[in-house]
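Hi there,

Have a look, then read on below.

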Amino acid sequence: MRRVLPHILLAAFGLLMVWPFLWMLSTACKDYASASTPSLSLWPGMFHWQNLPDTFRAAPFGRYFFNSFLVAGTVSLSVVLTSLMAGYAFARLRFPGRGVLFALVLGSMMVPFEAIFVPNFVLISRLGWYDSYAALIVPWCANAFSIFLMRQAFLALPADFYDAARIDGCGHLRFLFRIGAPLVRPMVITVALFAFLGSYNSLLWPLVVTADGSMRVVQVGLTAFNTDAGVRINLLMCASAIVILPTVVLYFAAQRYFVESALGAGIKA
Amino acid sequence: MTRMAETFAALPDRLLALLDSLLDRFPRRMGDIPAAVLLTAPALLVLGAFSFTPMVNALTLSLRGGKHGDGAFIGLGNYLDALRSGEFWQSLTVTIYYVLGTIPAMLAFSFLIALVLHRISRARGFFRTLYFLPYVTSVVAAAMVWRSLFNPRGGVFNLLMAWVGVAPQQWLLEPRGMLHLLTGGAVNASIGPSMALCCVMLFDIWHGCGFMIVVFLAGLSSIPREVEESARIDGAGGLRTLWHITLPLLSPTIFFLGVVGVVRAFQAFNSFYALTQGGGNTQDTRNLILYIYSQFYDYGYWGYATAASTMLTLAIVALTALQWRFVGRRVHYS
Amino acid sequence: MTRFRLWMMLAALSAACCLAGCGGSPKSGPTQGPSFRPLDTTSAVFWDRQITEIGALLHRLADEFNAAHPGLPIKVEYAGDYPDVFRKVSASIQAGVLPAMTVSYENMTAEYIPTGAALDLDLLIKDPKTGLTQAELDDYFPAALQPNRYADFGGKMYSFPLSKSILMLYYNRRVLAKAGLTAPPATWDEFLDQCRKIKAATGKPAHAISVDCSTFDAMVFSRGGDVIRGHETLFDSPQALAVLDFYATLTREGLAYRITPGTYQDNEALGKDEIAFTFRTSASRTDIMLLMQNDKTRWGMARIPQLDPAHPATVLYGPNVTIFNTTEEQKAAAWAFVKWFTSPEITARWAVGTGYLPVRKSALDSPEMKKLFDEWECNRAAFDCLDFARGEPNITGWQQVRDLVVRTLSEVLAGTREPAEAGRLLKQGADEVLARAGRG
């Protein structure tokens, strides 16, 4: 009993956690009539595959996915690069103003994004980036939290590594990318995953800086779908499911590398 | 062919070497400065352009009256207006309810789950994934699902209520206080968080606890097994070990999650926005960010809104500093 | 880094914030010249909010226009729902880059005018070559044109009617029949009476409420009242209080329930024979027909109940178009499109395809419209309201007042505020909002 009790507890709460997903999938499988009939059962009782083509016909989700992947992928890569470099510098290099700069970086975490939204929009427009991939990507290419995490990862490496490499005459850049980066790989994956999720799941910024349908990302497409007159709950759930799916797949793929210790390193200040 | 591939593969290395040799050309007395400039420049450029500059712009904006930042310089007028406005304080109250209602509950729940997860060996990865799942999904998509669940007419929550024999509830549409409803009307309806706000909190606890669980697991796995085992050998019971050994050793984790959680909770926007259709027009689910947002984007009072957001930012900074000062000191570092 | 040092830095940061604030660096906003840069130089961008079939029709019409007209092509871009459009335009004005034109409600346009972004359309209308003749101008419904003249801004025409709609009562005949009713209510008393009968017969609420300021305004109008006089609101007038009372009665007696904002649960419930009544714009006609599976015997639409059916009144709404102060080329293309779109033939096609109303009187005589009217007697209902429908206030600050109204209605519906007190507080709050907007 004592051995299965934790599993029972975890399963019970786990069911609560995934229950909305199961409900979503179940509703996505139904036709409109049974989807709008109240029911507690999670088993759809039917598989109305027509929902899938219907959803894709209602909005060009193919194009939305292309945009979202392109944007989130580029953001993710850039964030890894900028935070690797800055994190290393803040952890291992000695230079005047290091403390103040780092505090400033951390401080930017505390400014609500909504408060600096319009000044950013004005900047994007003046740069002529309105309705372009640049507007969706560039402002998100660095973020304080990733820099912080990466710095913690480099701090956690034993100092001997650095000293040995320096004695061998290895420059900072070679060390960072050839020796340092592989050593902090769990953190790299973590930062990449979080950056991807953050970009893929963002809504307000893409809504404001893009106009053309060909530049729309999936979250914007989903809200457009939502405001649709006389909304079809089954199609809505189908759309939600296909929007959620890539992040779930990505997480499953990344979790092999995404070990807890990566985040654990972030805590020891 | 192979030579070409080799050359190509060596290209990054050669580039790095080249950059390093360039850095070496700087006088030795400059130390790490050239490298630091090179390495921090990309991040600082982006942050400078899209975080710091707008921050300063927002600050100067907050000293101007009128709409869209084109009014006259009025000093601290906007700040005083905000402090005198009932709606400002009302939305701050909502924010505070939200912070108090989510962070402790999330910490406790996540800690419990992480503790159990840490003990088991079979199916651990499976369960961890299960609990982390909500965190990776988009708030927009998840909120759509939850809005359907909360639907007062035929929504799943009301079906569950009927199943256990409780009257159907209005959930996200219920502006009356949770305490009022729970006590059968003994408490005034305007006291405490509304039921709608509690629904938003529930959603965010669901959505955000995966992150905390994973961080807690990280913290737990960094505690050497021998420490707990030796305590147990010394005759300490499970709860005593937890209280005297595990919790103190985990205090940096708890502290970290507390600080990050509070900062994020003060800035909560997406869930409010997506669940209540733009924050709703009822005051009970309009937190400070939504209030600022509507003053800014819907009504065009840029100066006023940036004044309010500046005060919010200062409050967050001050609160974090306080946490650091008074709680952070007691945190046990191994 | 030690915790203490980090703490010190946070303190330094907050000090830096304060200093930056007191330093007062130069104003960040762009200097606003008389004209704005166009969003796209190769086409005249039209920011719109239509999606689904209606959006598809608009795109088709734009293509048709582009094929037949020289000059810049029109490019229709989806810009989110109305609040999104408003935010986007507001931000774009600050950025100095604007589309050629945008859909816009009067209260939204009223916010664009002071920035110099909205173009005075009288200049275009009066142009002898490309403008409109007096005869053409007289063909537009006065109720559609009139709200586009802004009294606060010299009575100039800063927007133009694009497609209008009217608040309608949609009813479900099957549910009415359950209570032995055959006709929809003509007065508000009849409405309450029928709701009670239906509740008695079915045990369920008869009406689903979508809380909305325009619906509230229409109800006040239909009781012979108004919502504003000059810059003072009339929310404590007997008519306004009667509407609040009406809502309080509906919830108190369990005759109606509130739907989730932003959804169309009322339309769906109507389609599933769960409720008898809902109030929606005439543009919902095509959606409800879909939900009713094209069964015209199941439902109908009628004008909203009135206090005195002999002197009816209701709200005319639906988007206008605002043309922006960009280049001559852009303005010309935008105006050519607006003129074409509101021509009798196109406005009739638009009305038939969407459920919106045409903006021209002569459109009612077009073959398409006649065919629509012949198909079903209810198709006429909205058009019959055109004579007595009128627009909502077009003053600065009204956007915020609308939100206050929605909040007040929510409070009354939740039973947390008595109608009389709610009306008084609403008036007080709304007047403060308008005073503040006037100061700005």
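Into which domains is chain C divided? Chain C has domain 1 (37–163 + 318–365) and domain 2 (165–316 + 393–439), with bounds from an automatic or database domain assignment.

Before the details: this is a predicted model, where local features need pLDDT of at least 70 and side-chain atom pairs count only at pLDDT 80 or more, while totals for chains, interfaces and linings use all residues. Residues are numbered from 1 along each chain as its sequence is written, chains are lettered from A and ligands numbered from 1 in the order in which they are written, and side-chain values use heavy atoms, leaving out hydrogens and water.

The centres of domain 1 of chain C and domain 2 of chain C, taken over C-alpha atoms, are 29 Å apart. Their contact (heavy atoms within 4.5 Å) takes 21 residues from domain 1 of chain C and 16 residues from domain 2 of chain C. Between these two domains, the count of salt bridges is 0; a salt bridge is a side-chain nitrogen of Lys or Arg within 4 Å of a carboxyl oxygen of Asp or Glu. On the side of domain 1 of chain C that touches domain 2 of chain C, helix 4 (106–112), helix 7 (142–145), strand 6 (149–150) and helix 15 (344–354) of chain C each supply at least two residues. Helix 4 of chain C gives the most to that side, with 5 residues. Helices (H or I, at least four residues) and strands (E, at least two) are DSSP runs, numbered from the N terminus.

**One helix to look at**

Helix 14 (residues 328–341) of chain C has 14 residues. Its buried residues (under 20% relative accessible area, 1.4 Å probe, protein chains only) include Trp335(C), Phe337(C) and Trp340(C).

Enjoy exploring!

How values were computed:
The expected span of a helix is 1.5 Å times one less than its number of residues. Buried means under 20% relative accessible area, exposed over 50%, partly exposed in between (1.4 Å probe, protein chains only).
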